[in-house]
Amino acid sequence: MIRRVLAGVVAIGAAVLAGPATGLAQQPQPDPGVTVQLNDNTAYELGLVNKYVHGDSNVALAQCPGEGLKAPRSTTFSSPVLSVGKYDYGPLIGVPANVSAEVELKEGTAPGAYPLTVNCNGKSYTATFSVPSRQVGAVPSGGARAGDGSMAS
């Protein structure tokens, strides 16, 4: 009985070491070095990667293998909730990207998670970014205002 169990364990171990069976589908691996993201962290502000920042400039970034340090001019960004503007096809200092584009949130976009896609050398790569709720821009009428003396007795 022990020999049967031991033989079964050895057979299973040999099958695992031999690798996957030829009939099994393998997961596609992303191309090495290709990245896509919205915004990048700075030395004084963290938590910006893949988050839309209301009231500030936002930039789509990608690393796309191409011509030397530059991304191919055929590289493009797309998103259902972003308007893509001016492109820059070249390496950026301190950011792992060689193509960037200015982006703006389309009017009426609700808070949530959305895709940002880069088309790089004929293939598409997608990251997910979040759009947070907008902060209240005005103090409600009758609300206390800091520094105006309204709370003084």
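Visitor: Which class does Asp 88 belong to: buried, partly exposed or exposed?
Guide: The model is predicted, and in it local features need pLDDT of at least 70, side-chain atom pairs count only at pLDDT 80 or more, and totals for chains, interfaces and linings use all residues. Residues are numbered from 1 along each chain as its sequence is written, and side-chain values use heavy atoms, with hydrogens and water left out. Buried means under 20% relative accessible area, exposed means over 50%, and partly exposed lies in between (1.4 Å probe, protein chains only). Asp 88 has a relative accessibility of 39%, so its class is partly exposed.

Visitor: Where does Asp 88 lie, and which residues does it touch beyond four places in sequence?
Guide: Helices (H or I, at least four residues) and strands (E, at least two) are DSSP runs numbered from the N terminus, and Asp 88 lies in strand S4, residues 82–88. Its C-alpha is 8.9 Å from that of Glu 102, at a sequence separation of 14 residues. Taking contact as heavy atoms within 4.5 Å, and leaving out residues up to four places away, the residues that Asp 88 touches are Asn 98, Val 99 and Ser 100.

Visitor: What pattern of helix and strands does the chain follow?
Guide: The chain holds 1 helix and 7 strands. Of its contacts between residues at least 6 apart in sequence, 49% join residues at least 24 apart. Read along the sequence, the pattern is α-β-β-β-β-β-β-β.

Visitor: Which residues touch the most other members of the largest nonpolar core?
Guide: A nonpolar core is a set of buried Ala, Val, Leu, Ile, Met, Phe, Trp, Tyr and Cys residues joined through side-chain atoms within 4.5 Å. In soluble globular proteins, nonpolar side chains tend to be buried together. Here the largest core has 24 residues, and those touching the most other members are Val 36, Leu 38, Phe 77, Leu 82, Leu 116 and Phe 129.

Visitor: Which strands each supply at least two residues of this core?
Guide: One of the core residues that touch the most other members is Val 36. Not counting residues up to four places away, Val 36 touches Leu 61, Ala 62, Phe 77, Leu 116, Val 118, Tyr 125, Thr 126 and Ala 127. The strands that each supply at least two core residues are S1 (35–38), S2 (58–63), S5 (99–105), S6 (112–120) and S7 (123–131).

Visitor: What is the volume of the largest pocket?
Guide: On a 1 Å grid over the protein atoms alone, a pocket is an open set of points where a 1.4 Å probe fits, with protein on both sides within 12 Å along at least five of seven lines, and lining residues have an atom within 4 Å of a point. Residues lining the largest pocket include Asn 39, Asp 40, Tyr 44, Glu 45 and Leu 48. Grid points are joined across faces, edges and corners, and a volume is the space filled by probe spheres set on the points. For the largest pocket, the volume is about 200 Å³.

Visitor: What is the phi of Asn 39, which is not a glycine?
Guide: Most residues other than glycine have a negative phi, and most peptide bonds are trans. Asn 39 is found in the loop between S1 and S2, where it is buried with a relative accessible area of 7%. Asn 50, in the loop between S1 and S2, has a positive phi of about 60°. The phi of Asn 39 is positive, at about 65°.

Visitor: How far apart are the C-alpha atoms of Asp 40 and Asn 50?
Guide: Asp 40 lies in the loop between S1 and S2 and is partly exposed, with a relative accessible area of 21%. Leaving aside neighbours within four places in sequence, Asp 40 is in contact with Leu 48, Val 49, Leu 61, Gly 94 and Val 95. Asp 40 and Asn 50 are 10 residues apart along the chain, and their C-alpha atoms are separated by 7.7 Å.
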